[in-house]
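Notebook open, structure loaded. I went through it piece by piece and jotted down what I looked up.

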Amino acid sequence: MPETSTLKREEQNNDAGHDKAADALDYNEDLHAEVPEDLQIGEHGYKYRIVDGRVMPPYITPRCYGLSRRIETRPTDICFVSYPKSGTTWLSYIIVLLTGNAGPSLERSFCWLESSWTHPINEDELGSDPKPRLFKSHMPYDMALGGVPHQSPCKYIYIARNPKDVCSSYYYFESNKSWSGFYDGGWDHWLQMFQDGKVHRGDWFHHVLSWWEYRDADNILFLHYEHLKRNTRAELEKIAKFLGLDIPLERMDEIEGSIGFSAMKNTEFSAMKGVKEFGKFFRKGEIGSWKEYFTVAQNDRFDALYQQRVDSSGIDFIFE
């Protein structure tokens with residue numbers, strides 16, 4: 001099974017005539033899990049694989065993860081990183097607009113090396129990409145693309161979002177999806193898994209703090225989703241300066257006007273319509289939407305955990 005599946009994928013990747021704009025396929029376990037027999041099934045059908053001791057989606061495969069780790073990065077490379085549902089797609093659109101490095105769709109404007117889905121890529125295609133190469137990642141610092149980030153010539157931009165909004169948005173995204181084994185555990189069960197670090201990409205606290213520790217490195221920019229939401233222009237200028245880009249005032253005005261939530265949702269380039277199960281990929285994007293899910297008791301318990309895990313780090317989040 002794994003050899004056949006891998007061969008299928010390699011044939012697709014190496015077909016010189018395949019349409020890259022159509023690469024965003026619906027998730028197919030035989031095609032995208034690479035070694036399906038290595039997958040594990042948890043409570044309520046939650047499907048995952050363990051990679052370097054952490055819970056990962058089935059499409060984070062050994063071969064793709066290995067490629068992401070051994071790639072030789074360049075000074076012109078840009079890698080945007082986050083825990084899922086933290087503003088990753090929003091940040092990717094901003095970077096694409098600032099650099100002018102747009103493909104036929106937003107998803108085809110960057111590489112996601114650790115994943116066999118939604119856009120598989122081989123090393124030959126990677127080497128031919130124009131400068132700057134844009135990379136997406138959902139990995140913690142110690143599993144980062146290119147090895148050790150602060151020792152890499154690549155520029156890394158990490159975006160973090162308050163964990164309550166992440167947790168609730170991630171629950172919506174993972175529930176009853178093929179890649180999660182059609183997980184149907186309900187909110188209470190999901191919240192406990194999130195707090196225990198047993199959801200895809202593991203422990204939110206470790207993930208965010210692992211990058212926060214290196215926030216002062218010259219090639220790492222640490223952003224907050226909430227700051228980008230409330231002070232968009234200032235954060236855009238911060239990103240442009242970090243990337244060494246001199247953006248004319250008129251162009252910056254255009255970019256600021258085109259990256260609003262509704263604009264992205266309704267623009268064909270950025271609407272993320274390539275996968276049927278993504279459905280309403282852009283749900284709300286609001287600060288404080290977690291209040292629709294958390295009970296008072298759950299919120300109190302989460303606050304206690306947050307204080308225990310985060311307070312000494314100096315990082316701070318806006319929750320509403």
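This is a predicted model: local features need pLDDT of at least 70, side-chain atom pairs count only at pLDDT 80 or more; totals for chains, interfaces and linings use all residues.

**Entry 1: I259**

I started with I259, which is buried, with a relative accessible area of 2%. I checked where I259 sits, and its place is in the loop between helix 11 (249–258) and helix 12 (261–266). Which residues does I259 touch, leaving out those up to four places away in sequence? I got W90, Y93, I94, L97, T232, L236 and M264. I then looked at L97 in that list: I259 and L97 are 162 residues apart in sequence, yet their C-alpha atoms are 9.2 Å apart in space.

**Entry 2: the whole chain**

Next I stepped back to the overall counts. The protein chain has 13 helices and seven strands. Of its 320 residues, 59% are buried, and I259 is one that counts as buried, since its 2% falls under the 20% cut-off. I also looked up how far apart in sequence the contacts reach. Taking contacts with a separation of 6 or more, 74% are between residues 24 or more positions apart. The chain exposes about 13900 Å², and carbon and sulfur atoms supply 48% of that.

**Entry 3: helix 8 and what covers it**

Is helix 8 mostly covered or mostly open? Mostly covered: eight of its nine residues are buried. I noted them as W204, F205, H207, V208, L209, S210, W211 and W212. For the cover, I found strand 4 (78–82), strand 6 (155–160) and strand 7 (220–224) among the elements involved, along with helix 6, helix 7 and helix 13.

**Entry 4: helix 8 against helix 13**

I took helix 13 from that list for a closer look. A reminder to myself: two packed helices are described by the angle between their axes and the distance between the axes. For helix 8 (residues 204–212) and helix 13 (residues 296–310), the axes come within 11 Å and cross at roughly 35°. The crossing is right-handed. Which residues meet there? From helix 8 I have W204, F205, H206 and L209; from helix 13, F302, L305, Y306, R309 and V310. Sorted by class, this contact has seven nonpolar residues, one polar and one charged.

**Entry 5: two positive phi values**

Most residues other than glycine have a negative phi. H44 is not a glycine, but I read a positive phi of about 55° for it. H44 is in the loop between strand 1 (40–41) and strand 2 (47–51), and at 41% relative accessibility it counts as partly exposed. N176 is also not a glycine and has a positive phi of about 55°. I found N176 in the loop between helix 6 (163–174) and helix 7 (186–195). N176 counts as partly exposed too, at 49% relative accessibility.

**Entry 6: cysteines**

C154 is buried, with a relative accessible area of 0%. I also checked C64, which counts as buried at 4% relative accessibility.

Key
Residues are numbered from 1 along each chain as its sequence is written. Side-chain values use heavy atoms; hydrogens and water are left out. Helices (H or I, at least four residues) and strands (E, at least two) are DSSP runs, numbered from the N terminus. Buried means under 20% relative accessible area, exposed over 50%, partly exposed in between (1.4 Å probe, protein chains only). Contact means heavy atoms within 4.5 Å. Accessible areas come from the Shrake-Rupley method with a 1.4 Å probe; for residues, only the protein chains shown count as cover. Axes are lines fitted to C-alpha atoms, for helices over the stretch in contact, and angles run from 0 to 180 degrees between N-to-C directions. A crossing is left-handed if the near helix is turned anticlockwise from the far one by less than a right angle, and right-handed if clockwise. Ala, Val, Leu, Ile, Met, Phe, Trp, Tyr, Cys and Pro count as nonpolar, Asp, Glu, Lys and Arg as charged, and the others, Gly among them, as polar.
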